[in-house]
Amino acid sequence: MDLPQGLVTVYLLLVSLAQCQHYYLLRPIPSDTLPLLELKEDPDPIYDPRERDLNETELRSALGDFDSRFLSVSPPQDRYTGNEDLEELDLQQQNPTGMMPKDIKNLDFDAQWGKKRKASKKLKRRLQMWLWSYSFCPVLYAWNDLGARFWPRFVRAGSCYSKRSCSVPEGMVCKPGKSTHITLLRWRCVQRRGALKCAWIPVQYPIITECKCSCAN
């Protein structure tokens with residue numbers, strides 16, 4: 001698809017930064033542990049909690065803070081929430097949220113036109129919005145079933161859209177930029193003096209809260 005003349009100018013303005021350097025110099029350090037790898041469990045049902053171990057009142061008391069935005073005891077009606085199953089075209093057309101990055105807001109578009117011919121405010125705004133939309137990395141949320149050995153077993157986890165590059169020139173992709181932790185209960189069993197002892201223990205589970213454009217490697 002051919003770009004408007006103004007966007008071609010921006011491309012030329014940015015091409016010198018092609019070697020994995022984001023054009024507006026935002027280079028987060030994403031966590032290498034996100035998203036989490038699938039946990040491999042021992043399939044033996046002896047390690048599963050029994051019905052008497054699943055008293056919701058007692059478990060809520062042991063858990064403390066129950067954030068229903070990210071936690072669910074029963075299967076949610078829709079696995080995907082937000083924009084998880086949006087097509088690429090929809091993501092490209094989606095308006096970014098929050099404050100425009102200062103580096104995009106302060107880009108000097110006049111450098112390509114010269115002193116005698118300056119870009120209009122309307123064109124500058126269009127170019128800024130195009131760059132911001134192209135580099136925008138939304139968090140895609142989906143409910144994950146962690147299995148019977150976690151309570152609550154359904155967690156709304158985030159991921160970053162990575163089917164296309166988010167930079168001009170291409171080469172960078174959306175990666176986790178920030179995360180938070182929520183508390184879950186984990187059913188843990190250990191052998192003690194020849195007997196199997198099991199109990200619920202609190203564990204911290206990381207949730208991606210922000211995705212940013214970053215180097216692919």
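# Terms and values in a predicted model

Along the sequence, the elements of the protein follow the order α-α-β-β-α-α-α-β-β-β-β-β. The model is predicted: local features need pLDDT of at least 70, side-chain atom pairs count only at pLDDT 80 or more, and totals for chains, interfaces and linings use all residues. Residues are numbered from 1 along each chain as its sequence is written, and side-chain values use heavy atoms, with hydrogens and water left out.

Q: How many helices and strands does the protein have?
A: The protein has 5 helices and 7 strands. Both are DSSP runs numbered from the N terminus (helices H or I, at least four residues; strands E, at least two).

Q: Why is D53 called buried?
A: The relative accessible area of D53 is 16%, and buried means under 20% (exposed is over 50%, partly exposed in between; 1.4 Å probe, protein chains only). D53 is therefore buried. This residue lies in the loop between helix 1 (5-14) and helix 2 (56-63). Leaving out residues up to four places away in sequence, D53 touches L59, W187 and W200, a contact being heavy atoms within 4.5 Å.

Q: What makes N55 count as partly exposed?
A: N55 has 33% relative accessibility, so it counts as partly exposed. N55 is found in the loop between helix 1 and helix 2. A polar atom of its side chain lies 3.1 Å from the backbone nitrogen of T57; a polar contact is a pair of N or O atoms within 3.5 Å. UniProt, in an unreviewed entry, lists N55 as a "glycosylation site"; such annotations may be inferred rather than shown by experiment.

Q: Why is S72 called buried?
A: S72 has a relative accessible area of 14%, so it counts as buried. It is placed in strand 1 (residues 71-72). Apart from neighbours within four places in sequence, S72 is in contact with F66, W143, P152, R153 and F154. S72 and R153 are 81 residues apart in sequence, with C-alpha atoms 7.0 Å apart in space. A polar atom of the S72 side chain also lies 2.6 Å from the backbone oxygen of S74.

Q: What is the omega of the cis peptide bond that joins W151 and P152?
A: Omega is about -10° for this cis bond. P152 sits in the loop between strand 4 (150-151) and strand 5 (154-160).

Q: How do you know that the span of helix 5 agrees with its 15 residues?
A: The expected span is 1.5 Å times one less than the number of residues. For the 15 residues of helix 5 (residues 121-135) that should be 21 Å, and the end C-alpha atoms are 21 Å apart, so the two agree. The buried residues of helix 5 are L127, Q128, L131, W132, S133, Y134 and S135.

Q: What makes R60 count as lying over the face of F66?
A: R60 lies 4.2 Å from the ring centre of F66. The test asks for NZ of Lys or CZ of Arg within 6 Å of the ring centre and within 35 degrees of the ring normal. R156 likewise lies over the face of Y141, at 4.1 Å from the ring centre.

Q: Why does R193 count as exposed?
A: R193 has 89% relative accessibility, so it counts as exposed. R193 lies in the loop between strand 6 (172-192) and strand 7 (195-215). Its phi is positive, about 55°, although R193 is not a glycine.

Q: What percentage of the 217 residues of the protein count as buried?
A: The buried share of the 217 residues is 39%. Of the contacts with a separation of 6 or more, 73% come from residues 24 or more positions apart.

Methods. A polar contact is a pair of N or O atoms within 3.5 Å; within protein, one must be able to donate a hydrogen and the other to accept it, and residues adjacent in sequence count only if both atoms are side-chain atoms.
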